[in-house]
Amino acid sequence: MHAHIFRASLRREWQLLCRRPWDIAMISWVPLLSVALIWWIFSAGIPTRLPIGVWNADHSALSRQLVRFLDAAPGLQVVAQYDDELQVEHAMRAGKVYGVVEIPREFARDVKRGHAAQVTLLHNAQFSSHSGIIQRDVRTAVGTLSAGIEIAARNKRGEPVRAAKLAAEPIRTSLANLFNPSLDYLQFLGMALIPALLHIFAMTAGAWSVGAELRDATIGDWRNASMQGQAGTSFFAALLGKLCVPFLSLSLVGVSGLLAVIIAGGMHPAGSLVFTLLALLAMLALSIALGAAVAAATRSLRTALSVTGIVTAPAFAFSGAAFPLSAMPAGARLWADSLPFTHYLRVQVEQLQMGAPLRYSLPVLVWMPVVALALLALAARALTRAAQQPDSWGAR
């Protein structure tokens with residue numbers, strides 16, 4: 001009985017999608033194109049050769065050596081040199097460069113006299129990623145030049161080179177990058193944006209599939225085609241059949257897209273790739289079920305799509321990938337913990353990058369399918385009531 005309803009609803013949904021090319025595009029080639037676009041944007045992995053300028057007021061051999069050091073840094077490219085503050089301000093405001101290094105007058109003279117010489121970095125902190133890379137490489141270039149000067153000076157005073165090196169840097173910091181040591185943006189940002197986009201497509205698909213039946217007042221046709229108009233029959237099996245097509249299509253896009261990005265990016269998952277893919281399927285199922293439940297409960301496609309935007313659009317911002325969850329206010333953390341994408345992304349990071357034991361990620365793979373089934377049951381109950389009230393059909 002239920003299998004027959006499932007197959008009839010699945011067949012009807014497929015026929016509807018075949019007559020609506022844009023509907024099927026939103027669960028097939030449009031998400032796939034979005035995944036490909038994200039991979040293309042982050043395919044370089046590590047940002048390099050960010051344009052900076054130099055305001056060299058000293059024009060000495062030492063200042064020119066510093067400029068060469070800056071240009072040799074992997075993250076920097078000296079694209080212009082300026083002569084006054086107005087040129088620097090115009091270049092920064094026009095966005096021609098992300099930062100300007102100011103080398104003051106008497107730079108070389110102060111260094112030769114043993115006085116402290118100061119180099120100033122003016123950078124646009126609005127672009128936090130650019131700013132961080134520029135600060136790191138400028139600090140490295142200046143530190144390298146400074147250490148070289150100190151070692152040379154000590155060596156001239158008769159100190160052995162080894163002793164001079166130790167004296168120039170008596171305390172060293174050892175940085176051990178445990179996860180994503182290359183700081184690859186494709187790994188921590190691109191790989192997070194792909195499921196975030198699929199989360200949006202999935203919840204939209206669930207809301208649209210159910211909401212369109214109510215908007216077009218075709219819920220009676222759906223009931224008759226799936227259940228032969230049997231009064232009192234639950235919509236649960238029919239709902240599963242209807243949502244099966246977008247789930248399978250988006251799952252295929254998600255799994256193939258994620259695998260393609262991992263292979264093309266030369267990434268080597270530290271944990272279980274299979275577990276991560278299962279968690280992705282669970283998140284997609286939950287997202288579709290959530291969209292369907294909202295549409296069935298509100299009986300309005302417009303409201304369902306609005307709720308979809310409220311839930312999915314800021315999901316990435318609240319996931320902790322861009323801004324740390326621990327630094328958010330209590331209300332923001334509560335909202336982040338209520339979003340399925342936050343929990344999926346944690347599993348993805350734990351398995352693909354950190355190699356965490358499966359027991360840390362297992363709860364997500366348990367409760368997501370349970371919540372998805374509960375939402376489908378609630379949606380089926382709401383649709384059963386809506387089918388008995390034709391006056392509520394046709395709402396936008």
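What average pLDDT does the protein chain have? In this predicted model, the protein chain averages a pLDDT of 89, and 93% of the residues score at least 70.

View 1. Where pLDDT is low, the predicted coordinates should not be read in detail. The chain is divided into domain 1 (1-43 + 184-392) and domain 2 (50-168). The centres of these two domains, taken over C-alpha atoms, are separated by 50 Å.

**View 2. The buried side of helix α10.** Helix α10 spans residues 219-227, and its buried residues are Ile 219, Gly 220, Trp 222, Ser 226 and Met 227. They lie on the same side of α10, because the arc they cover around the axis is only 160 degrees. These buried residues pack against α1 (2-19), α9 (185-215), α11 (236-264) and α16 (358-387). Gln 228 follows α10 and has a positive phi, near 50 degrees.

**View 3. The largest nonpolar core.** This core holds 96 residues, of which Leu 70, Val 210, Ile 219, Phe 235, Leu 239 and Leu 383 touch the most other members. Its largest share, 16 residues, comes from α12. Both domain 1 and domain 2 give residues to this core, so it lies between them.

View 4. Residues up to four places away in sequence not being counted, Leu 383 touches Val 210, Ile 219, Trp 222, Phe 235, Leu 239 and Ala 296. A second core, separate and formed of 7 residues, includes Trp 55, Tyr 82, Val 97 and Val 100.

Note on methods: Residues numbered from 1 in each chain as written. Predicted model: local features only at pLDDT ≥ 70, side-chain atom pairs only at ≥ 80, totals over all residues. Heavy atoms only, no water. Buried < 20%, exposed > 50% of the residue type's maximum accessible area, 1.4 Å probe, protein only. Helix = DSSP H or I, 4+ residues; strand = E, 2+ residues; numbered from the N terminus. Arc of directions from axis to C-beta. Contact = heavy atoms within 4.5 Å. pLDDT = per-residue confidence, 0-100. Domains from an automatic or database assignment. Core = buried A, V, L, I, M, F, W, Y, C linked by side-chain atoms within 4.5 Å.
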